[in-house]
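Student: I'm new to this one. Could you walk me through its salt bridges?

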Amino acid sequence: MKLLLATHGNFAEGILQSYEMIAGDSADISTVILNELGIEDFRSRLHQTLDQLLATDEVLVLVDLPGGTPYNESLAYQLERPQGLGVVSGLNLPMLIEVGMGLSSSTLDDLKATALEFGKNGIQSTDDILGDL
């Protein structure tokens, strides 16, 4: 199982660095970023990376923003080649840690469920802890 982080700007690279500080090895995690080179360049790099990863394994793509270019381009790729590929939006560090730690022992469907669960559960306010102080 492989993981691809596809985001606007350097977010994918930054969150991967944070993951490595906490969890260590990230050999099965790749990044593709949308930068100033534009959508066509991003699309080309995304397709090339997914082609390489899917040649040997299943891939879960975590993107930052639903409806943004990384999401839209990943979805377009998935519509053309759905076998062994999943896409989940809303990338955050709790999601990445849990998914990344489960890469070697989980199925694609399990990792999608994990991403959704920990992505949502990782969003909290201090109000949840402090209550009505």
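Student: Where do Arg45 and Asp41 lie, and how many residues apart are they?

Tutor: This is a predicted model, where local features need pLDDT of at least 70, side-chain atom pairs count only at pLDDT 80 or more, and totals for chains, interfaces and linings use all residues. Residues are numbered from 1 along each chain as its sequence is written, and side-chain values use heavy atoms, leaving out hydrogens and water. Helices here are DSSP runs of H or I, at least four residues, and strands are runs of E, at least two, numbered from the N terminus. Both Arg45 and Asp41 sit in helix α2, about one turn of the helix from each other, so count four residues.

Student: Which kind of contact joins their side chains?

Tutor: Look for a side-chain nitrogen of Lys or Arg within 4 Å of a carboxyl oxygen of Asp or Glu. Arg45 and Asp41 come to 2.7 Å, N to O, which makes it a salt bridge.

Student: Is Glu40 buried or exposed?

Tutor: Buried means under 20% relative accessible area, exposed over 50%, and partly exposed in between (1.4 Å probe, protein chains only). Glu40 has 57%, so it's exposed.

Student: Which residues are linked with Glu40 in a network of salt bridges?

Tutor: Glu40 pairs with Arg43, their closest N and O atoms being 2.6 Å apart. The network links Glu40 with Arg43 and Glu73.

Student: How many residues apart are Asp28 and Lys2?

Tutor: Their side chains meet in a salt bridge at 2.8 Å, N to O. Asp28 is in the loop between α1 (11-23) and β2 (29-34), while Lys2 is in strand β1 (residues 2-8), so the pair links distant parts of the chain, 26 residues apart.
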